[in-house]
Each structure stands twice: as structure tokens, then as C-alpha cells.
Amino acid sequence: MDIIEKMYSKDGEPRSAFARDSLEFSERVEGIVSQFGEQPSDTWKSISTPQWNNIYQDEVVSVVNRMIPLYLKELSPSATGRKFFLGSGRVYDKIYIMTDEATCSLPRPNGSIPLFIGSLVNVFGQPGTEDLSRYKCLYFKCDNHNTVEEWAGETLKEGLYQTFYSATFDDENQNNRLRIKSYAYDTVGPFTDWDKIHTMMKEMNDA
Amino acid sequence: MTNIIKPFNILREVIEEDGVTGVTFEVSKINTIEELDVDNKVTVGDYWAGGSSTRTKMTSYLSVPADEDIETYLYKYLKGEGWIS
């Protein structure tokens, strides 16, 4: 199987993401199309297995886009994706915006480096009218795994090659922390070096 | 109030005969070009900055019947024509 990412959260089974050139990608796209109708899957980089999310009380399939849709450009995202809520039938786009130590106001473990903040976007015509933008996911790096586990108050899965983390907050409720995720990579791959990508993008933006 | 992003942009509206609304709009779509880099290297140009693609923008005009919601009618039309998915 061509798994390019494993994500762990204690409220659901591990989530696997498959690259677009894999059989699993094609099969999972077929499943999404059968439930949600035609999708722009030729612009997708990966698709995941469903994972239960306690915040949304639903099984969610995650897609990462290969390119940023033009209608999202005005939000200046660094990357984008789409979330399919299998139980409720809702669809939201997700945007990932660069952040850094100076501008990030979300809580995080000591010594961690904030990289991106993700949030869900309502797109006209997509099912799902509830505004979910209050839920902010902070994606961060921390070289000390124990520090993150202490901060999270739970054991987190660690990768052999690299581990990154994300915490979801409710920014309409004093940034109350709702969920912790770890992204454990055992070998190098297309999604494994968030920090390098962040550095390259910052250099491009500063140039 | 929920901020809803629209995958089209209405530029102008005019009233035609019998209450029909003429809408000038623009819409864009991405045409992908398969990646040459298939060895899983991480590159800014591939994953994060836009991938290999061309973008097509269309500006056109549509007459919307008087009893129809303009944005919903336009959305359904563009979805049916393959401009939105």
C-alpha cells in the first residue's frame, strides 16, 4: 500500500493518506464520488481513510490539493484541501496559512515552532452551512517529543524519521484545546518535511 | 455571519425583459498537467505552491429567469458545464 502519511488522534483510528498514483487513491475517490458526486480529483495530491473526529462528531475523509483553487487565493493559503463528512454529508474546504513565533497566538508546548494554522471554509454550493471556522488547527514542530506529550497530557505516536504535531483549538472559547494529533513518518516522503517547506515558503514570500 | 467563498465572481447585473436578470460573470478552473517528478521528492513548486497546471478563466453572460435565485442558478449552470466541482 502506498501510504504517505499516518496521523494519530486518540478519538479515532489512525488515519492513512494515499498518493494519487496508487490504487487505493482511485478506489477511495470512487467512494467519495459515489456519495458526494463528481469531484476535481485530478487536482488532488492525496486522499485519506475516514477518521472519527469528536469535534464534528463525524467520520471525516481528508484530501490535500496539488494546487490552490483560484477561489481560495484571496485567503492567501499556503496549501489547501477538502474535508468530506461521511455521516452528515457536509463538505468543507480547508486552508493552511503560514504562521510563526512572532504572530501565532495559539497555545503550544515550550520550545515548539509554529508552522501553519488550518481552518475550514464554507464554499458556496457545497453541503454544510454551519460556520466551523472557529476551530483552528495549529501545526507545529517540536524536537522534544516528551515535552509535547507532557503538554498534551497523553501519549502520542512517534515516527522513526520525523514527527509533527497539530492541536485544534476553539478560538471562540478562549482557545480551549479540543484535540491533539501526531503525524508520524517512518521514512522520507512527500509530506514529511513541513519545517523545510515552511522555511522555503517564507524565503519565497520575503524575496 | 458565515463567510461563504464563491467559486465564481459576478461582475454586473442588468434587468432584461420580463424580469429576467442578465448576469456577467467570471469563473476559473485548473487544468492539471501530470507531474514529471514521481520519486516523492518534496518540492515547493509541486505540493505547496501550486503544482503543474494551467488555469483557464472565462468571462461570460447568462440570463437568469425571474423566479430563480441568481447565484444558485449560476452555480448549477457552471457545475453542469464542468467549471465547478
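Strands, like helices, are DSSP runs numbered from the N terminus (E, at least two residues, for strands; H or I, at least four residues, for helices). Residues are numbered from 1 along each chain as its sequence is written, and chains are lettered from A and ligands numbered from 1 in the order in which they are written. As the model is a predicted one, local features need pLDDT of at least 70 and side-chain atom pairs count only at pLDDT 80 or more, while totals for chains, interfaces and linings use all residues.

Strand β9(A) pairs with two other strands of chain A, where pairing requires at least two DSSP bridges between the strands. With strand β8 (residues 113–123) of chain A, β9(A) forms five bridges in the antiparallel sense; within this pair, Pro114(A) has Phe140(A) as its bridge partner. With strand β10 (residues 162–170) of chain A, β9(A) forms six bridges, again antiparallel. Here Tyr139(A) is partnered by Ser166(A).

Chain A as a whole contains three helices and eleven strands, arranged along the sequence as β-β-α-β-β-β-β-β-β-β-α-β-β-α. Its C-alpha atoms fill a box of roughly 45 × 40 × 35 Å along the principal axes. The radius of gyration, taken over C-alpha atoms, is compared with a globule rule of 2.2 Å times the number of residues to the power 0.38. For the 207 residues of chain A, a compact globule would have a radius of gyration near 17 Å, and the 16 Å of chain A agrees with this.

In chain A, 40% of the 207 residues count as buried. A residue is buried if 20 or more other C-beta atoms lie within 10 Å of its own, exposed if 12 or fewer do, and partly exposed in between, with C-beta atoms placed from the backbone. Two residues are in contact if their C-beta atoms, placed from the backbone, lie within 7 Å. Of the contacts in chain A with a separation of 6 or more, 52% join residues 24 or more positions apart.

In soluble globular proteins, nonpolar side chains tend to be buried together. A nonpolar core is here a set of buried Ala, Val, Leu, Ile, Met, Phe, Trp, Tyr and Cys residues joined through C-beta atoms within 7 Å. The largest such core has 41 residues, of which Phe18(A), Ile47(A) and Phe84(A) touch the most other members. Beyond its neighbours within four places in sequence, Ile47(A) contacts Ala17(A), Phe18(A), Phe25(A), Arg28(A), Val29(A), Val61(A) and Val63(A). A second, separate core has nine residues, including Val23(B), Phe25(B), Val27(B) and Ile84(B).

Val27(B) lies in strand β3 (residues 21–32) of chain B. Val27(B) counts as buried because it has 22 C-beta neighbours inside 10 Å. Leaving out residues up to four places away in sequence, Val27(B) touches Pro7(B), Phe8(B), Met58(B), Leu78(B) and Trp83(B). The C-alpha atom of Val27(B) is 6.6 Å from that of Thr59(B), a residue 32 positions away along the chain.

Chain B comprises two helices and four strands, in the order β-β-β-α-β-α from the N terminus. Of its 85 residues, 18% count as buried. Residues 24 or more positions apart account for 49% of the chain B contacts with a separation of 6 or more.

The contact between the chains takes 31 residues from chain A and 24 residues from chain B. On the chain A side, β8 and α3 (194–206) each supply at least two residues, and α3(A) gives the largest share, five residues. This side divides into 16 nonpolar, seven polar and eight charged residues; Ala, Val, Leu, Ile, Met, Phe, Trp, Tyr, Cys and Pro count as nonpolar, Asp, Glu, Lys and Arg as charged, and the others, Gly among them, as polar. Strand β8(A) is also joined by two bridges to strand β1 (residues 4–5) of chain B, in parallel, with Asn122(A) opposite Ile4(B).

The model scores ipTM 0.80 and pTM 0.90. Chain B averages a pLDDT (the predictor's confidence in each residue, from 0 to 100) of 80, with 74% of the residues at 70 or above. Within chain B, the mean is highest in strand β2 (residues 9–15), at 96, and lowest in helix α1 (residues 44–48), at 39. Over residues 35–51 of chain B, pLDDT stays under 50. Where pLDDT is low, the predicted coordinates should not be read in detail.
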